[in-house]
Amino acid sequence: MIDRFWDVMSHQSESSKSGEVVLYGIAASPGVSHGQVFRFLHDEVEVPRYEVAKDEQESEIARFKDALKQTHDQITEVRESVARNLGDKEASIFDAHLLVLEDQALIDDVVGEIHKTGDNVEQCLHRVSQRYYDYFNQLKDEYLRERASDLQDISRRLLRNLVGATAAGTAFLAEPRILVSEDLTPSDTASLDRSKVLGIATESGGKTSHAVIMARASGVPAVVGLRELTSKLSDGDTLLIDGFEGIAIINPVETTLFRYGKVGLRRKKIKDLLEEQAHLPAETKDGQGFNLFANADSVEEVASGIESGCQGVGLFRTESLFLRKNEIPSEDIQFAEYKKVVQAASSLPVTIRTLDLGGDKILDASGREKEENPFMGFRAIRYCLRNPAIFLEQLRAILRASAHGQVKIMFPMISGVGEIIRAKEFLFTAKRQLSEKGEKFDENIPVGCMIETPAAVSICDLLADEVDFFSVGTNDLVQYLLAVDRINNQIAYLYEPHHPAVIRALEQVFEVSKTKGVEVTVCGEIAGDPHFLPLLLSLGVDSLSAAAPLLAELKFFGRQFSYDDAFRLLEKVRTCRRPSEINRILKDFYDEKISDLLG
Ligand code: PEP
Ligand code: MG
């Protein structure tokens with residue numbers, strides 16, 4: 001990022017001066033913000049403890065009963081939605097949850113605990129459910145052991161209802177805050193009121209976790225991988241996060257704020273410069289154009305991509321709609337959303353990707369079982385092919401939207417030819433169903449697939465015979481190729497998009513695409529990182545798709561080097577054996593081209 005050239009404070013790994021505490025994590029979304037902290041309650045709810053006067057115990061019990069009813073209603077609603085969308089068998093997992101809520105022994109124990117200890121209901125519920133949990137969890141019988149996790153889920157939900165915390169509770173905030181959490185899931189991020197979030201700081205997560213991708217797309221600064229952050233924070237603390245350098249500073253002192261203030265002025269200068277030039281075409285110094293598309297997951301993001309002067313939407317992630325609604329939306333709801341997306345793109349092409357649930361994008365209402373290895377599991381196209389009703393509904397919705405603009409359809413996480421053939425059969429069925437109803441759609445809608453598994457790279461020549469275009473998802477490709485979980489911050493140092501294995505894989509895909517005449521775009525996060533731009537162009541890609549806030553800088557940097565410069569850079573990269581050397585070379589190239597401009 002251009003901002004890397006700002007004076008960066010020289011801190012050690014954790015420093016403290018006059019009370020400020022500096023923590024180092026992973027720079028996840030660029031930008032600096034400072035503000036009061038809001039602790040985001042995810043799974044674990046902080047359990048309040050206080051004494052309740054004897055004459056108030058009955059109203060405490062009434063609170064408990066209200067929470068039981070509220071929780072019962074919520075679960076019944078989720079159960080109905082799953083039954084509607086997936087069938088009764090899948091919905092039946094929620095019956096176990098409802099049974100826990102109706103369990104008179106548990107209710108009596110909580111009430112008894114309130115009378116006995118005089119503590120508040122949250123504390124009593126927590127203690128009783130912990131006792132039950134410990135008991136079930138040590139049983140040999142696997143079925144009964146599983147009841148322990150049902151119980152845990154339910155008591156968390158009950159606690160949340162009791163303390164009035166919603167899992168995604170930012171809407172009630174009066175002032176924008178820095179959101180702090182141990183972990184943030186995509187469904188949390190999808191349901192945040194983004195106008196209330198100044199920045200995000202989490203203990204876990206990697207640069208390409210979906211929660212972070214969403215933060216980056218909405219321009220919210222984020223730092224992740226900040227170990228022990230939550231334990232170091234106290235009520236009323238403020239936090240400064242530097243999403244360029246991956247730094248978080250608890251209670252920054254005046255001099256630190258002053259320094260960041262200076263940085264802010266410089267950043268503003270750069271931002272103005274980029275904005276001034278945003279309307280210029282995406283091309284290199286020698287005038288060779290490249291295509292720049294936007295990644296988006298909402299109508300608003302499509303609109304801001306178009307405003308940034310992109311040539312269309314290269315990746316529309318549909319799962320966000322599902323996560324925001326926390327249910328499987330009907331065909332009509334999906335159609336309405338996709339139509340708005342297409343209209344917001346004002347006649348430019350939009351690539352809509354079919355549902356990529358799974359991995360870190362979990363939807364309660366999808367009725368899925370917990371997986372040991374979710375990123376290698378029941379994800380994306382695998383889930384869709386096994387849930388025909390959901391898949392067909394989505395395909396019909398996308399097809400109907402294609403009557404309102406230029407739509408392409410793309411299938412995620414393909415690892416074999418069979419999957420793409422079956423996906424196309426579903427598309428054929430969806431077309432037939434619409435034709436029977438006399439609905440309009442683009443008969444020749446282009447079909448593409450993501451190249452994001454090592455298998456897809458190896459057989460991309462075979463896949464090319466089945467599709468009109470490829471889109472390389474480097475976020476997943478890097479994790480699968482290098483066997484490094486993209487959201488595990490303990491091994492984040494091994495998540496290296498500049499690894500020679502990744503570069504060779506890209507080269508293979510680009511070459512095959514040329515030979516086979518299949519268009520290729522890169523839509524993983526490296527497409528939005530200007531350091532990679534000369535490398536990707538010299539490797540032969542001509543289209544990139546990145547979050548809207550990153551497009552102006554990509555264009556700006558593109559104008560600073562020629563294709564010859566980029567080819568010379570590629571020669572140097574080819575001599576490298578280690579990712580760190582490649583990283584250095586890309587950074588040096590960037591520095592050299594940009595330093596004169598910044599003065
Ligand atoms: C990718 O894997 O690079 C990609 C664009 O898809 P997602 O990040 O949604 O998995
Ligand atoms: Mg992916």
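Tutor: Let's start at ligand 1: one of its oxygen atoms sits 2.9 Å from an N or O atom in the side chain of D476. Keep in mind that this is a predicted model.

Student: How many residues surround ligand 1, and which are the closest?

Tutor: There are 17, with H210, R317, R353, N475 and R486 the closest. By class, eight are charged, five polar and four nonpolar.

Student: Which element gives the largest share of that shell?

Tutor: That's α19, with three residues. At least two residues each come from α8 (210-217), β11 (313-317) and α19.

Student: What makes E452 and D476 donors of the magnesium ion?

Tutor: A donor is an N, O or S atom within 2.8 Å of this metal. The OE of E452 and the OD of D476 lie 2.0 to 2.1 Å from the magnesium ion (ligand 2), so both qualify as donors. E452 is in the loop between β14 (447-451) and α17 (454-458), while D476 is in helix α19 (residues 474-482), so the two tie together parts that are 24 residues apart in sequence. Both are buried as well.

Student: How do you know whether V457 is buried or exposed?

Tutor: Set its number against the cut-off: buried means under 20% relative accessible area. V457, in helix α17, has 4%, so V457 counts as buried.

Student: And I421, buried, partly exposed or exposed?

Tutor: I421 is in helix α16 (residues 417-436). Its relative accessible area is 34%; partly exposed runs from the 20% limit for buried to the 50% limit for exposed, so I421 is called partly exposed.

Student: How do you know that α20 spans what a helix should?

Tutor: Helix α20 (residues 500-516) has 17 residues, and at 1.5 Å a residue they should span 24 Å. The end C-alpha atoms are 24 Å apart, so the two values agree. Buried residues in α20 include V502, L506, V509 and V512. After α20 comes G517, with a positive phi near 70 degrees.

Student: Where do N251 and M413 sit?

Tutor: N251 is in the loop between β9 (247-250) and α10 (254-276). M413 is in the loop between β13 (407-411) and α16.

Student: What are N251 and M413 called on the accessibility scale, and why?

Tutor: N251 has 28% relative accessibility, so N251 counts as partly exposed. M413 has a relative accessible area of 2%, and with the limit for buried at 20%, M413 is therefore called buried.

Terms used:
Residues numbered from 1 in each chain as written. Chains lettered and ligands numbered in written order. Predicted model: local features only at pLDDT ≥ 70, side-chain atom pairs only at ≥ 80, totals over all residues. Heavy atoms only, no water. Donors = N, O, S within 2.8 Å, 3.2 Å for Na, K, Ca; no water. Helix = DSSP H or I, 4+ residues; strand = E, 2+ residues; numbered from the N terminus. Buried < 20%, exposed > 50% of the residue type's maximum accessible area, 1.4 Å probe, protein only. Expected span 1.5 Å × (residues − 1). Near = heavy atom within 4 Å. Polar contact = N/O pair within 3.5 Å; in protein donor to acceptor, adjacent residues only side chain to side chain. Nonpolar A, V, L, I, M, F, W, Y, C, P; charged D, E, K, R; others polar.
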